[in-house]
Amino acid sequence: MATMNNPKVGSKFPPYEVGIVDAEKMKTMAVLLQDPNPIHWDLDAVENLGLGDKPINQGPNNMAYVVNALVSWIGDISGFRGLKVRFIGNVFAGDRLTVVGTITGVDQVEGRDLATCDVQLMRGDTSDGDIVMSGQASVLLPE
Amino acid sequence: MLLSEEKLKSRVGYQLPGGEYLLEPYKNWLTNDVVGAPNDQDAFAHPMFCYYAALNTMGISLEELFALFDATSADGVMFGEAEIDIKKPLTPGSTYSISGQVTGVQRKNSKKLGIFDLVDFELSLHEGKELVGVSRNSFVFPRELNNGNDE
């Protein structure tokens, strides 16, 4: 496990428990994003599209969980620098999510350590769950 | 009729109108509440506002963007990749200028989707003349299902 004093390449940052995805939160985000897609709140729309029987989380919410994980690890929101993701599967209301990741590089940028990490958003247990989003993130480590 | 590759490639460089985005503190609070981030400080906004501000203020709706590629949301357009690249932390109460363009297109073929187009676009956030962040995104435009060919 990577600690702030020991950010070694190849070590993992602490798993971040997102918790259970809440359908009610999707409604608020639909308004904030001005996202008219009914798959985030209308069960009939989800079923008519053959996408299951639960609301589908907004993709940017899934990105935000990964941001939260990295910010929680470094303890400094201003140190977050970048995230690039590929959406692999839909996240549904009621899913239990965890963010996991591994440090892939530590470079000096502007006199500070910039850590790059491979990140995954997982559904279910981290041991045998499925990856619903993966990508790379970068954060400035505390001075 | 399928958009020709020539017309598809002609869309590269299309300038998105952009505009001004005020990062209102209440939106930051609500966003933190929705995504489970702590609301324990108000000096910095959630980093995802690099994405929210960009997409909200690109100057055309997603439906209008899809129409540039002869498609609608009913055609099953999907997000491919998304990236935020933050140069300077965003702050609640600040106003950002958004500008951007279509940066790339590719016609591909897969067993799952048949012929599809990948469209990349990039939006920049400036505070005054200072570059604050960049949001890069790609959409997948399915053009034909299950035509049996693969890359």
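Helices (H or I, at least four residues) and strands (E, at least two) are taken as DSSP runs, numbered from the N terminus. The structure is a predicted model, in which local features need pLDDT of at least 70 and side-chain atom pairs count only at pLDDT 80 or more, while totals for chains, interfaces and linings use all residues. Residues are numbered from 1 along each chain as its sequence is written, chains are lettered from A and ligands numbered from 1 in the order in which they are written, and side-chain values use heavy atoms, with hydrogens and water left out.

Chain A contains three helices and five strands. From the N terminus on, its elements follow the order β-α-α-α-β-β-β-β. Taken along the principal axes, the C-alpha atoms of chain A fill a box of roughly 55 × 35 × 20 Å. Of the 143 residues of this chain, 46% are buried, where buried means under 20% relative accessible area, exposed means over 50%, and partly exposed lies in between (1.4 Å probe, protein chains only). The accessible surface of chain A amounts to about 6700 Å², and 48% of that area belongs to carbon and sulfur atoms; accessible areas come from the Shrake-Rupley method with a 1.4 Å probe, and for residues only the protein chains shown count as cover. Among contacts (heavy atoms within 4.5 Å) in chain A between residues at least 6 apart in sequence, 64% join residues at least 24 apart. The chain carries 11 positive and 18 negative side chains, and the centres of the two sets are 5 Å apart. In this count Lys and Arg are positive and Asp and Glu negative, with His and the chain ends not counted; the place of a charge is NZ of Lys, CZ of Arg, CG of Asp or CD of Glu.

In chain B, four helices and five strands are present. Read along the sequence, the pattern of chain B is α-β-α-α-α-β-β-β-β. Its C-alpha atoms fill a box of roughly 55 × 30 × 25 Å along the principal axes. Buried residues account for 48% of the 151 residues in chain B. The accessible surface of chain B is about 7300 Å², with 51% belonging to carbon and sulfur atoms. Of the contacts in chain B with a separation of 6 or more, 71% involve residues 24 or more positions apart. Chain B has 13 positive and 22 negative side chains, with 6 Å between the centres of the two sets.

Helix H3 of chain A spans residues 59–74 and comprises 16 residues. The distance from its first C-alpha to its last is 24 Å, close to the 22 Å expected at 1.5 Å a residue, the expected span being 1.5 Å times one less than the number of residues. Because 15 of its 16 residues are buried, H3(A) is largely enclosed by the rest of the structure. A:Asn62 lies in this helix and is buried, at 5% relative accessibility. Apart from its neighbours within four places in sequence, A:Asn62 is in contact with A:Asn57, A:Val91, A:Leu121 and A:Met133. H3(A) is followed by A:Gly75, which has a positive phi near 70°.

Positive phi values also occur at residues of chain A other than glycine. A:Gln34, with phi near 55°, is located in the loop between helix H1 (23–33) and helix H2 (43–48). This residue is exposed, with a relative accessible area of 58%. A:Glu110 has a positive phi of about 50° and is found in the loop between strand S3 (96–109) and strand S4 (112–123) of chain A. A:Glu110 is likewise exposed, at 77% relative accessibility.

Helix H3 of chain B covers residues 49–56, and seven of its eight residues are buried, so this helix is largely enclosed by the rest of the structure. The buried residues of H3(B) are B:Phe49, B:Cys50, B:Tyr51, B:Tyr52, B:Ala53, B:Ala54 and B:Leu55.

Over all chains, the structure holds zero disulfides, a disulfide being defined as a pair of cysteine sulfur atoms within 2.5 Å. The cysteine sulfur closest to that of A:Cys117 belongs to B:Cys50 and is 18 Å away, too far for a bond. B:Cys50 is accordingly in no disulfide. A:Cys117 is buried, with a relative accessible area of 1%, and B:Cys50 is buried at 0% relative accessibility.
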